[in-house]
Amino acid sequence: MSLSINHLLGLKGVSEKDITLILDTADNFYEVLQREIKQVPTLKGITIVNLFYENSTRTRISFELAEKRLSASPLNFSTSTSSVSKGESLRDTMRNIEAMKIDMVVVRHGAAGVPAFLTRCTNATIINAGDGLHEHPTQALLDMMTIRQKLGKLKGLKVAIIGDILHSRVARSNAWGMSAMGMKVVLCGPPTLLPQHPECLGVEVTDNMDKALDGANVIMMLRLQMERQNAGLFPSIREYRERYGLDLEKLSKLPRDIIVMHPGPINRGIELASNVADGEHSVILDQVTNGVAVRMAVLYLLGGGGDNA
Amino acid sequence: MDAPALDRALTRITHQILEKNNDLNNFGIVGMQTRGVYLAQRIAQKIGAVEHVTLLAGVLDVTLYRDDYRTAFKQPKVKVTNIPFNINGIDMVLVDDVLYTGRTVRAALDALTDFGRPKTIQCATLIDRGHREMPIVADYIGMNVTTRSNQEVALKVIEIDNEDSVWLMEREPTD
Amino acid sequence: MLEKKNGQILYPFDPAAPKRSMLIKNGRVIDPANSIDETLCVGVDQGRIAWLAKEPPPGFAAHMEIDAEGLWVTPGLMDMHVHLREPGREDKETIETGTQAACAGGFTAVACMPNTNPVLDEESKIRYVAQRAQDCSCRVFPIGSITKALAGEELSPFGEMVRAGARAVSDDGKSVRKSNIMKNALNYSKSFGIPVICHCEDNDLSHGGHMNEGAMSSLLGVWGQPSIAEEIIVSRDVLLAQYTGARIHIAHVSTAGSVRIIREAKKQGVAVTCETCPHYLALTDADLASYNTNMKMNPPLRTKKDQEALLAGLADGTIDVIASDHAPHVSEEKDVEFDAAAFGVIGLETSLPVIMTYLIEKKLLRPSQLVEKMSLLPNRILGLGGGTLSAGRFADITIIDPKARWTIDSRYFYSKGRNTPFDGLEVQGRAKYTILGGIIVYERRGTS
């Protein structure tokens, strides 16, 4: 059993079969994380570089934890501490890292297409931890794992993703991944925070939150970045919260078994009320736990193997 | 081996286990994925029928502990591991279907030490086909079979293969 | 002599060499200025066109003969939008290498943009370029900047720049942001009879965009610049031209909306001309799926609908010129992640084959229209006498082999730049001879 892909650059075009294999494997790694000794020796001796050009503590820590739990050797390369800040080109950085004989690269970068660019620079396996506005596949995978865990299935469920869709790579990866799994996805946000040409994402897009929530089994709230207000993309936090925020009142009108998700970090009181974030419908902390399991599964399935030896 | 012979072998193993392990309150039986799991279930049932106890039981998958991760072309599918009891200080029997090179049992030993420190780890296997590559010996053996390396021994169990039997197969010579 | 392994030969150009007479036999002579498109012989003498006729007149002794059977004989092609990078970025290209590239591409004349370092915003700088070009095997006509240092605030001295050889003004690379400054520039240009070449881009809308804003940019997760960023300024500049009565030329038109606006403006009698580039006619933003930085330029590749509008605009005469916007970059500025890559692609050595393959072969453009848009009209717009084979004109001639099938290979380019979107493309058609003032400066031998 193996994946038909050699790198994880995104979820667009990834088959239902591959996603299912990753999720099934992640379930097994979830069990490992429940043990007292949360470690297996599987990736011993495999070196993985965490190449993070964008600041991201939580994703990097999640990957690092996944790597350590698999007994791999992680190396952290972040912009502030490396030669990158001295103006070294991406290609040169990659070459230098590769000369130190590494096996896999987990990369996060502000420019879309960088993971694809790296596959042309090196023989190492590349895993996308977020590239520009493009994709964040492991986030979407852990989102799907969480939904499957809580609701028992994926196919036929409706997911409403609400917030700054325009700038969200999480929304994109979920739109593609969930569509592949037979789920119905609705993207919702103010018109200024929706893509101008949404048809390419292949899912329903609306600026009406009630319409998005109608019949939804899962609500995924996205973080609103304050800088967007300065850029003239929405008028005020108050209006945003009223029209697109999720609070107990809105939640109470929805079915009892609905679950609330958020990729984090949360702007409490803006897109998500505190009592919802901490409430019974919230699975936000499960998402974090599952994040490590999913990343272990991805590393396990893509690493090793005769091809890369 | 046919179904009745298989059953007799398991019965014999059961009694051998009971002979060596007196305190069934401090005893666990763990089946190795995939078919070892069903054999372990049957042994546990037989012990239960004789001694009227419900044993601590678990299943173990050693895929994550294999020694061929870097070189195997495809990654084998990871299966369920569930050992719902504390293995510290316990006498345990690992049950596998075919003992061959010994690497699977080696991996299982590694896995179990991550769960705790059992008092003893004993190994039961339905078929021992020789050709050991590790210093591993089974405590309880259903049947010894001499084989050549181009042969394969396969167990079929009613739970998933619709019959109980053991097959010795020869691989076609490839030209 | 600069010879390449693929059969290209660049001959050293010596303007002082004696001009020998030449006979170009039995080629398809395409000279739209004189409404000629037939098989004729061309006689060249003293570096000028002597005659066009079915047979050489008696007594004409040719020192050298070219058998042009099966080939097209056209007035020398002119690329009125190139970036020669000198002064300032000689690592990307020099006037020498740029004109060599032009020559290899079949061009006998180019007009170069002033966004160099320093900017060509006064007499001495224009003179520098004109002088450096003297020994080059291609005529170079400098374009001066509209504003000093391209800052968009103070007008450059158009008069002295024209005196030094500038044929137009442009702030190409950016728009003149302040409409009042642009109005002044247009008014002032009227004294010199030069066109103001407009790079139309509303920076507030385009800012941060690395490709066309559309379904494709959403798909790729790349910030896009919308087509209206171009169209808004096209609209503005056309209105300013109408108001002031000045003459403008819109550079690198890329969108359907721009074509529509210019068509309407021409109907209303505005003195506007415009150009588009081969890459907009051959490629669309869908070709960026692999994040290929050699397809990143400004304005960016647009959608299929825009491309169709450009083709229609060429066919009905709305678009007057095809120019390359040749913009060489060093590999360090292109071999990086997409967002960080510099904007611009080279084009001198690929323009002709790409137009031949994508337009002529597909019958979207007639040969006479090609000559019009790549030779006659660029000359007319810049007030030059080239672009025609009328007797007495300089013998700047391009001989084209319309049947040659070959593969574009950037390793053999004369340009220093390698940033072409067409590397590896199989094409049909190329320049076989480039003749400047009656002297062969480029020849393409071989069949591959």
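The following legends describe close-up views of a predicted model.

**Figure 1. Overall architecture of chain A.** Chain A contains twelve helices and nine strands. Its radius of gyration is 19 Å, close to the 19 Å that the globule rule gives for 309 residues, so chain A is as compact as a globular protein of that length. The C-alpha trace of chain A spans about 55 × 45 × 35 Å along its principal axes. Of the 309 residues in this chain, 52% count as buried. Among contacts in chain A with a separation of 6 or more, 75% are made by residues 24 or more positions apart.

**Figure 2. The two domains of chain A and the contact between them.** The domain assignment divides chain A into domain 1 (16-136 + 289-302) and domain 2 (137-287). The C-alpha centres of domain 1 and domain 2 of chain A are 25 Å apart. Contact between the domains involves 20 residues of domain 1 of chain A and 23 residues of domain 2 of chain A. On the side of domain 1 that touches domain 2, the elements giving two or more residues are helix H1 (16-34), strand E4 (125-131) and helix H12 (284-302) of chain A. H12(A) gives the most to this side of domain 1, with seven residues. By class, the side of domain 1 of chain A that touches domain 2 has nine nonpolar, seven polar and four charged residues.

**Figure 3. The open parallel sheet of chain A.** Four strands of chain A form an open sheet in the order E2-E1-E3-E4, with parallel pairing. Strand E2 (73-78) and strand E4 of chain A stand at the edges and have a single partner strand each, so one side of each is left without a neighbour in the sheet. Direction ignored, neighbouring strands of this sheet are turned by 15 degrees against each other on average. Strand E3 (residues 104-109) of chain A runs parallel to E4(A) and is joined to it by five bridges. At one of the paired positions, A:Met104 has A:Thr125 in E4(A) as its bridge partner.

**Figure 4. The contact between chains A and C.** Two pairs of chains are in contact, and chains A and C share the most contacts. This contact takes 24 residues from chain A and 17 residues from chain C. On the side of chain A that touches chain C, helix H3 (90-99), helix H4 (114-121) and helix H6 (169-180) of chain A each supply at least two residues. H4(A) gives the most to that side, with three residues. The residues on the side of chain A that touches chain C divide into eleven nonpolar, seven polar and six charged. By contrast, no contact joins chain B and chain C, and the closest C-alpha atoms of chain B and chain C lie 28 Å apart.

Figure 5. C:His279 is found in helix H9 (residues 278-282) of chain C. With 25 other C-beta atoms within 10 Å, C:His279 is buried, because a residue counts as buried if 20 or more other C-beta atoms lie within 10 Å of its own. Leaving aside neighbours within four places in sequence, C:His279 is in contact with C:Met297, C:Leu301, C:Val345 and C:Pro421. C:Ile49 and C:His279 are 230 residues apart in sequence, and their C-alpha atoms are 33 Å apart in space.

Notes. Residues numbered from 1 in each chain as written. Chains lettered and ligands numbered in written order. Predicted model: local features only at pLDDT ≥ 70, side-chain atom pairs only at ≥ 80, totals over all residues. Domains from an automatic or database assignment. Contact = placed C-beta atoms within 7 Å. Nonpolar A, V, L, I, M, F, W, Y, C, P; charged D, E, K, R; others polar. Buried ≥ 20, exposed ≤ 12 C-beta atoms within 10 Å, placed from the backbone. Pairing = 2+ DSSP bridges. Axes fitted to C-alpha atoms, helices over the stretch in contact; angles between N-to-C directions. Rg over C-alpha atoms; globule rule 2.2 N^0.38 Å.
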